[in-house]
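Work through the exercises below with the sequence and the model open. Each task is followed by its solution.

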Amino acid sequence: MTAPDTTAADTAEPSGRPVVAADGVDLVRNRRALLDQVSMVVRPGEHWALIGPNGAGKSTLVSLLSAQQHPTRGSVEVLGRLLGRTDMRELRRHIGHVNPRHDLRSALPGRAIVLTGATGSIEIPPRWEPSAAESERAEYLMDLLGVTAQRDALWPTLSQGERGRILIARALMPTPRLLLLDEPATGLDVAAREQLLASIDQLRREHPGLATVLVTHHLEELPESTTHAMLLRSAQVVASGAVGDVLTTKLVSTCFDHPIEIERRDGRWSARAARTAPGPAGL
Ligand SMILES: Nc1ncnc2c1ncn2[C@@H]1O[C@H](COP(=O)(O)OP(=O)(O)OP(=O)(O)O)[C@@H](O)[C@H]1O
């Protein structure tokens with residue numbers, strides 16, 4: 001199945017105008033800095049990994065990129081619009097955000113959940129009917145994410161992996177130029193994780209203008225198509241830039257404050273505790 005329509009996210013913008021431009025961002029809550037002088041530029045076609053230990057500030061940064069809150073200081077532009085000077089609700093409709101805490105209450109079938117991406121709501125609004133183009137796009141996206149077989153299955157019966165892929169299809173309904181994936185592989189078994197990562201790689205190939213930011217603690221959960229990375233630790237950026245320059249043994253060890261060896265094989269990353277030299281016999 002091919003994409004039914006061509007829109008902004010399907011073609012890289014010739015100007016390469018940033019999708020995200022955050023400059024000198026501080027975010028303070030209860031007199032504590034949750035983000036401290038964070039800067040980030042994401043361009044069309046770039047696929048960022050946001051990595052760091054628990055409490056580093058990753059979800060807080062995503063809450064800015066998804067126009068959920070403003071910075072305390074500094075500036076954040078998303079899709080060319082400055083947070084604090086724009087209608088945040090309207091802006092959110094142009095951002096695909098896959099939130100692991102999706103608050104669904106009704107037992108909707110998979111296809112209906114994907115279609116709620118067109119209405120920007122959690123439930124299907126009363127008397128709302130999808131257009132032919134919306135129905136076609138929902139079918140295309142379910143096929144792309146490998147969940148066509150779950151189109152009629154009810155949400156409570158879906159596995160965690162199926163739910164994750166349904167939610168990515170939902171987030172893609174409005175053809176966003178920015179897709180935010182907050183720990184999409186958490187809780188998946190190895191086969192479900194590999195299917196999800198293959199779907200993300202395929203999505204990125206089919207939509208070369210799409211920019212994505214994926215949050216994870218685990219380097220094994222990074223798709224091959226990752227182009228850039230940011231390491232966050234205690235609210236601050238440890239390193240940021242091209243993925244090959246950032247995901248190094250030295251920088252990741254600094255970020256997690258633990259000696260970690262990084263390996264990249266066939267485009268994928270793995271991490272494990274660095275082996276220390278054996279001590280003298282008997283010790
Ligand atoms: N509204 C708030 N007021 C005060 N502290 C907060 C608030 N929201 C988050 N925090 C704190 O900010 C820190 C960063 O939280 P955040 O959720 O961004 O971290 P994270 O890197 O996503 O962590 P994890 O990997 O555990 O999900 C945490 O210590 C958290 O307790």
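Two strands pair if DSSP finds at least two bridges between them. Helices (H or I, at least four residues) and strands (E, at least two) are DSSP runs, numbered from the N terminus. The model is predicted: local features need pLDDT of at least 70, side-chain atom pairs count only at pLDDT 80 or more, and totals for chains, interfaces and linings use all residues. Residue numbers start from 1 along each chain as its sequence is written.

**Exercise 1.** Describe how strand E9 and E10 pair.

Step 1. Strand E9 covers residues 228-233, and its pairing with E10 is antiparallel, over 6 bridges.
Step 2. Histidine 228 has alanine 242, in E10, as its bridge partner.

**Exercise 2.** Give the strand order of the open sheet and find its edge strands.

Step 1. The order of the 6 strands is E6-E7-E8-E3-E9-E10, and the pairing is mixed.
Step 2. Strand E6 (95-98) and strand E10 (236-242) pair on one side only, which makes them the edge strands.
Step 3. On average, neighbouring strands of this sheet are turned by 15° against each other, direction ignored. Axes are lines fitted to C-alpha atoms, for helices over the stretch in contact, and angles run from 0 to 180 degrees between N-to-C directions.

**Exercise 3.** Which strands does H1 lie across?

Step 1. Contact requires C-beta atoms, placed from the backbone, within 7 Å.
Step 2. H1 lies across strand E3 (47-51), strand E7 (178-182), strand E8 (211-216) and E9.
Step 3. H1 runs at about 155° to E8.

Terms used
Two residues are in contact if their C-beta atoms, placed from the backbone, lie within 7 Å.
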